[in-house]
Amino acid sequence: MGSFDLPHSSSFKGGSEIFLRNVFENILKTYLRKNPTAKTIWELVQSMDNEKICYDHFTFRTLKVDGYGIDSLSSFFMDYGYKIGGGLDFPKKKLRVLWFSPPDVHVPSDGHGLGNGPLPRLVIAEVLVDELSPESQGIIRKYLKPEGGKQAVLSSTLGSLIWEKPTWTDFEQLAKESEFAAWTLIHGYTMNHLAFAVHRFKHRFSDIKFVKQHLEEKGFKLNSDGEILKVSQDGLLFQVSSISERLPVTFADGVTETIPASYIEFTQRQVLPEFKDVPHDEIKEFHRREAFELNNANHVMESTRFTTKF
């Protein structure tokens, strides 16, 4: 990993494609540094085919209050040509999600990774803070000061909180109502998870059923909420995710507890029925199933459940 040489990079909105790719690279480095199990899986996948891996999406969590919500991250990426692809609402979780499609950039036929591969979709969630109890709102607002959300992308690349680290007392109280909000308060803008584009692999991992079997044989814990292999209603989107490992965190009041960190996902997008006759070596991303599935996403989010019962 490092700086990129992009002699064939396309011009696009916002300036340098190299800069955008380096932002993603630093977000990835921070994520791998903070999540040892995810890094082990990432290295396993990387070793399968001489590092020729591609990403389907990068996912983040935010808090919709005082400029810290989805816009705090998305505005930067939209400056570089990302566009809203669609949204998902989770009323029970008091959560809203938007996903963004990447700009059209030149990708060599053998392009891979963040250096010269396809740019990942972005998935950004926000907790609807105003819908939480007054007690939970008070905890969140105590830490998130106005205007701080402007530093969201920098926070994500560094892996540092913009706000002060919460106390265990506040964290535990918030988690009783919203584990999602509590996770975000302690982890901030660190990437929640990345998803590999299984359909772009050239090796055995190009079959998500093999991925599932291989990870299970290696002893990795997988999210079985709604089945381990999550399939969309149309049968064209498959997802498998790990369970977030629990890592020790020392809170502001000196209490140290183990809490869920981030996880890793595998996504396989099947070819749409209308393109079933397109030769395999001519299939592009637009020939495949786009967007996300509400039911799948609801189950995948449980990868960071605090009281894991999988």
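Which residues in α1 meet which residues in α2?

1. Leu28, Tyr31, Leu32 and Lys34 in α1 meet Pro36, Ala38, Lys39 and Trp42 in α2 (contact means heavy atoms within 4.5 Å). By class, this contact has 6 nonpolar, no polar and 2 charged residues (Ala, Val, Leu, Ile, Met, Phe, Trp, Tyr, Cys and Pro count as nonpolar, Asp, Glu, Lys and Arg as charged, and the others, Gly among them, as polar). The axes of α1 (residues 17-34) and α2 (residues 36-48) come within 5 Å and cross at roughly 115 degrees (axes are lines fitted to C-alpha atoms, for helices over the stretch in contact, and angles run from 0 to 180 degrees between N-to-C directions).

2. The model is predicted: local features need pLDDT of at least 70, side-chain atom pairs count only at pLDDT 80 or more, and totals for chains, interfaces and linings use all residues. Residues are numbered from 1 along each chain as its sequence is written, and side-chain values use heavy atoms, with hydrogens and water left out.

3. An open sheet of 8 strands has mixed pairing and the order β2-β3-β4-β1-β5-β10-β7-β6 (helices, H or I of at least four residues, and strands, E of at least two, are DSSP runs numbered from the N terminus; two strands pair if DSSP finds at least two bridges between them). β2 (83-90) and β6 (230-231) stand at the edges with a single partner strand each, so one side of each is left without a neighbour in the sheet.

4. Strands β1 (residues 55-63) and β4 (residues 121-127) run parallel and are joined by 7 bridges. Leu63 stands opposite Val127 in β4. Helix α8 (residues 179-187) lies across β1, β3 (95-101) and β4, at about 95 degrees to β1.
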